[in-house]
Amino acid sequence: DFFMRADDDVYVKPDRLRDLLESVNPAQDIYMGSPGFGRERDQERIRLGRAGVDRYCMGGPGVIFSRSALRRLGPHLNECLSDVVVSYNEDVEVGRCVLRVLDVQCTWAWETLWLFWTDYNNTLTTDRLYISEEVRFAL
């Protein structure tokens with residue numbers, strides 16, 4: 001029913017993921033993860049669309065697609081690949097394709113900001129990894 005794309009350093013808590021996905025209808029076009037607009041200094045380069053409005057799912061913490069979204073997106077992947085804006089960010093290009101083909105943006109829900117959490121500031125160390133509140137709450 002769902003497909004999750006994640007980096008090789010992502011830790012997933014299967015029970016949390018299952019609980020989340022049981023509340024979502026896979027027959028709807030779902031593109032879920034940690035929403036982002038891109039860093040301000042990169043916005044001109046990535047040209048995602050309307051700055052501060054159009055959002056994509058940041059690839060690092062993981063992205064989930066529903067079966068419906070993948071079925072509709074699949075036939076357009078070659079077209080999307082031939083029209084890459086060269087942002088050097090695969091998550092941005094996937095987001096651009098999803099937005100153009102499905103007219104769906106990354107889920108904007110408070111929970112996803114915490115469930116799809118990543119340590120972008122590299123502040124976690126092995127001694128903090130399991131005591132961090134963010135990590136305990138994340139998927």
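In this predicted model, Met4 has Ile64 of strand E3 as its bridge partner. That pairing belongs to the contact between E1 and E3 (residues 56-66), two strands that run antiparallel and are joined by 4 bridges. The sheet as a whole is open and consists of 3 strands in the order E1-E3-E2, with antiparallel pairing. Strand E1 (2-5) and strand E2 (31-36) each have a single partner strand and stand at the edges, so one side of each is left without a neighbour in the sheet. From one strand to the next, the twist averages 20 degrees.

Across E1, E2 and E3 lies helix H5, which runs at about 35 degrees to E3. H5 spans residues 90-102, and its 13 residues reach 17 Å from the first C-alpha to the last, close to the 18 Å expected at 1.5 Å a residue. Because 10 of its 13 residues are buried, H5 is largely enclosed by the rest of the structure; among the buried residues are Val92, Cys97, Val98, Leu99 and Leu102, and they also include the charged residues Asp91, Glu93 and Arg96. After H5 comes Asp103, whose phi is positive, near 55 degrees.

Of its 139 residues, 37% count as buried, and the chain exposes about 8700 Å², of which carbon and sulfur atoms supply 52%. Among contacts with a separation of 6 or more, 71% are accounted for by residues 24 or more positions apart.

Methods. Residues are numbered from 1 along each chain as its sequence is written. This is a predicted model: local features need pLDDT of at least 70, side-chain atom pairs count only at pLDDT 80 or more; totals for chains, interfaces and linings use all residues. Side-chain values use heavy atoms; hydrogens and water are left out. The expected span of a helix is 1.5 Å times one less than its number of residues. Buried means under 20% relative accessible area, exposed over 50%, partly exposed in between (1.4 Å probe, protein chains only). Contact means heavy atoms within 4.5 Å. Accessible areas come from the Shrake-Rupley method with a 1.4 Å probe; for residues, only the protein chains shown count as cover. Two strands pair if DSSP finds at least two bridges between them. Axes are lines fitted to C-alpha atoms, for helices over the stretch in contact, and angles run from 0 to 180 degrees between N-to-C directions.
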